[in-house]
Amino acid sequence: MTGVGRGMLGVAIAGLIVGGFVLGPHVANLHNGLIAASFAGVGLLVLHRRPGNREGLLFVAVGAAHAVMFFGREYGLHPGPLPGASWIGWLGVWPLPLVLVLVGAAVMCFPTGRLPSRAWAPVLGVLCVLGFVLSLVSALWPVEHARTGLGHPFSLPGLSVARALYDVARPVAYLLFQLTWVVCVVVRVRRSSGDEGRQLRWFLYAATVSAAVMISGLAAWGSPVPGTLTVPLLAVAAGAAILRYRLYDIDPLINKSLVFGAMAGVVTVGYAVVVVGAGRLADGYGTWLSLLAIALVAVVFEPLRGRAQRLADRVVYGRRATPYEALSRLSAHLSAPAGGLLDGICATVADAAGAREVVLWTGSAEELRAVAVWPPATPFPPGPRSSGDLDAVPVRHGGRLRGALTVSPAPLSAAEQRLVGDLAAQAGLVLELRAAAQRLVVAGDAARRRLERDLHDGAQQRLVTVAMELGGVVRLATTTGATEVAGRADDVRRNLLQATAELREMARGLHPAVLTQDGLEAAIGFLADRASLPVRLTMSVSRRLPAEVESTAYFVVSEGLTNAAKHSGATSVSVVVDLTGSELRVQVDDDGCGGAVTRPGSGLEGLADRLAILDARLTIDSDPTGTRLRTVIPCG
C-alpha cells in the first residue's frame, strides 16, 4: 500500500468515525468507534513505519470494518428521518460475525502477521465459514437487528426458522471463536521466546487490564462502559510491541501489577468480610469493627504480600533463578570437584536470565574463542572472534578483559543486564585463576623439557664419556697385567653405566623427549613397549595437540601403568586414547585387585589437579575386578 493509498484510506476511516460521533454516539455502540479509531490509527502508523507489515494490514482492516459498523449503526439509530437509514443501518449489523473472525485473525497472527503454524490455517478457514453463514443469515433476516433497535430492509419468509437457528448457532460460534483465539495465543506464548515473547506479553498485559476493568465495572456499576473505554489500550500496546519491541521491559510491570492486584483484593475482601459480615451480628459497633478490620488487614498484609510476590515471580519469570539463587549456584560450581566448571558458569547464567543459549568466550579483545556453551549439545560457534563482532557482556578481572558472555535471545532487559554483569564479574575471577593455572602447567612442562634436555645433553653425556674412558682404562690395565686394577675399574664402569641408566629414566620421567619430538601416539607406544605387563593399546589421534594436553594424557597413561604393575597385581592392561572432535578420551583398565584411591600427595591426586586445570575430571573406578582410570580432556 502506497503512502497516498494509506492517506486516502485513513481519511475515509476518519470520516466514518467522525460522522458516527456527530450522529451519536450511543453507549451501546461506543466500543465500535473506539476500536475503529485505535486499531485503524495504530495499523496506519505501523504501515507508515514498516510498509507491508502484515499485522499492520490486519489492524487497518479491523479498524475499517468497525468504522463502517459504527457509522452504520449511528446513522440508523439517529432519531431524525435520514434517507436510507434502514440500508445503512443494515451495513452496521450483519457483518458482525465476519468482523469477529477478522479480529480473531489479527489476534491469532500477532505479532508477526502470520499464524503460529500451517496447521492453524484450516482452523481459521472453519471460523471464516461459520462467520460467513451467520453473517448471511443476519443479512437476509433481522435476527440481530432486534438487539440493536435498527430496522431491516428485507422482509423474507422463514424468519422464525432463521431466528431459531441463529439463536442456537450464534452463542456456540462466538464461544468457539473465543476458545480458538485463546488456544492459539497460548500455543504461541508457550513456543515463543525472546523478542516475540515480550511482544506477546505486552498485548496480553493490556488485554488483562482491559478485562479486569470491564469486570470491575460490571461488578461495581453493572455496566461494561469502563471496560469499553480501555479498548484502545489493546491497540496501543500491540503497536508499541511491534514498533518498539527492543525498548521496553514488560516483566517488572506485569510483576508489580500482579502483586498490586492480589493485595488490593486481599485488603478489599478482608475489610468487607469483617465489617459487613460481622456488622450484621453486632449492630452499633461499626466504628470498632472498622478499626478491627484495619488491624487485621495490617497484620496479614506483609506475609501475604511476600507470598503474592513469590507467586508473581513464578508466573512472570517461570522457574528462573533469582539473583541470590544464581550467585549461590555459581558459588557451588566454584567449590565443586574438578571438571565442568566453565559449563557450570554457562548453565548458571542461562538459568538466571532465562536464556535459550549461553556461550562463554575467553581470550583477548582481538581474539576470543568459545570454551563453553549451554545447552551442552549445542555446537561451538566458529572462532576466533573480536569483541566488536559479538553482542556480549564483557568478563573482566583487575581491569583486564578475560573473556565475554553471549546470551541468546538478546537484548537483555535492564535487570537481566545487571544480573549477568554480576555473574560475569564472578566468572572473571574464575577465568583469571584458570588462566594462571594453565600458565603454571605450561611453564612447568617447559621447565621439565629444559631439565630433561640439560640432563640428556649435559650430565648424561659426560657420564657416558667417563664410562667410555674407564673402559679404556680397563683394557689398558688388562694389557699391562694389572688384573686387580682392571677388575676394580670394570666394577666402577658398570656402576657408572647403571647410574647413567637411572639418570636416563629419571629424565624420561621429568618429560619424555619422544613426546616432544614424535607426538602422543609414539610416546604412549613407547610406554606400552617398556611396560612390565602385557598392554593392549588402542590409539586414534590424528593430529598434534597442545603440549599441555599431550603431556597430561601421557602422565595419565604412565600413572595407570605404574599402579597396575606395582600395586594391583594385574596380569594385563588395556589403554585407549581416542581423539573425537575437540575431546581427547583417555582410559586405562587393568584386571588387578583394585583398591586405588586418591590420597593426599599421591600421584592420582596430582593427576586430578592437573586435569582440573584443563577443565577435565579424573574418574577412578576401582573394585576387586580391577581398576579403571578415565578422563576426557578438552582440546579444541
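This is a predicted model: local features need pLDDT of at least 70, side-chain atom pairs count only at pLDDT 80 or more; totals for chains, interfaces and linings use all residues.
## Nonpolar cores

The largest nonpolar core of the model comprises 41 residues, and within it the residues with the most contacts are Met 108, Leu 127 and Phe 177. Two or more residues are contributed to this core by each of the helices α2 (30-49), α3, α5 (96-109), α6 (120-140), α8 (159-191), α9 (194-221) and α11 (231-243). Of these elements, α5 supplies the largest share, with 9 residues.

Once neighbours within four places in sequence are set aside, the contacts of Met 108 are Arg 114, Leu 115, Pro 116, Trp 120, Leu 124, Leu 127, Thr 180, Trp 181, Cys 184 and Arg 188. Another core, lying apart from the largest one, holds 35 residues, including Leu 527, Met 539, Val 557 and Val 577.

## The loop between α5 and α6

Pro 111 is placed in the loop that runs between α5 and α6. The peptide bond joining Phe 110 to Pro 111 is cis in the model, with an omega of about 5 degrees.

## Glu 55, a buried acidic residue

Glu 55 belongs to helix α3, which spans residues 54-77. Although Glu 55 is buried, it has no salt bridge, and the nearest side chain of opposite charge, that of Arg 188, is 7.2 Å away, whereas the cut-off for a salt bridge is 4 Å.

What does the side chain of Glu 55 reach at 3.5 Å? At that distance lies a backbone atom, namely the nitrogen of Gly 113.

## Thr 552 in helix α20

Thr 552 sits in helix α20, which covers residues 547-568. Is Thr 552 buried or exposed? The residue counts as buried because its relative accessible area is 0%, and the cut-off for that class is under 20%. When residues up to four places away in sequence are not counted, Thr 552 touches Arg 610, Leu 611, Leu 614 and Ile 633.

## The β8 and β9 hairpin

Strand β8, made up of residues 619-623, pairs with strand β9, made up of residues 626-634, in the antiparallel sense and over 5 bridges. The two strands, β8 and β9, form a hairpin in which 2 residues lie between them. In this arrangement Ile 620 stands opposite Leu 629 of β9. Strand β9, with its range of 626-634, also takes in Ile 633, one of the residues that Thr 552 touches.

Definitions and conventions
Residues are numbered from 1 along each chain as its sequence is written. Side-chain values use heavy atoms; hydrogens and water are left out. Helices (H or I, at least four residues) and strands (E, at least two) are DSSP runs, numbered from the N terminus. Buried means under 20% relative accessible area, exposed over 50%, partly exposed in between (1.4 Å probe, protein chains only). Lys and Arg count as positive and Asp and Glu as negative; His and the chain ends are not counted. A polar contact is a pair of N or O atoms within 3.5 Å; within protein, one must be able to donate a hydrogen and the other to accept it, and residues adjacent in sequence count only if both atoms are side-chain atoms. A nonpolar core is a set of buried Ala, Val, Leu, Ile, Met, Phe, Trp, Tyr and Cys residues joined through side-chain atoms within 4.5 Å. Contact means heavy atoms within 4.5 Å. Two strands pair if DSSP finds at least two bridges between them.
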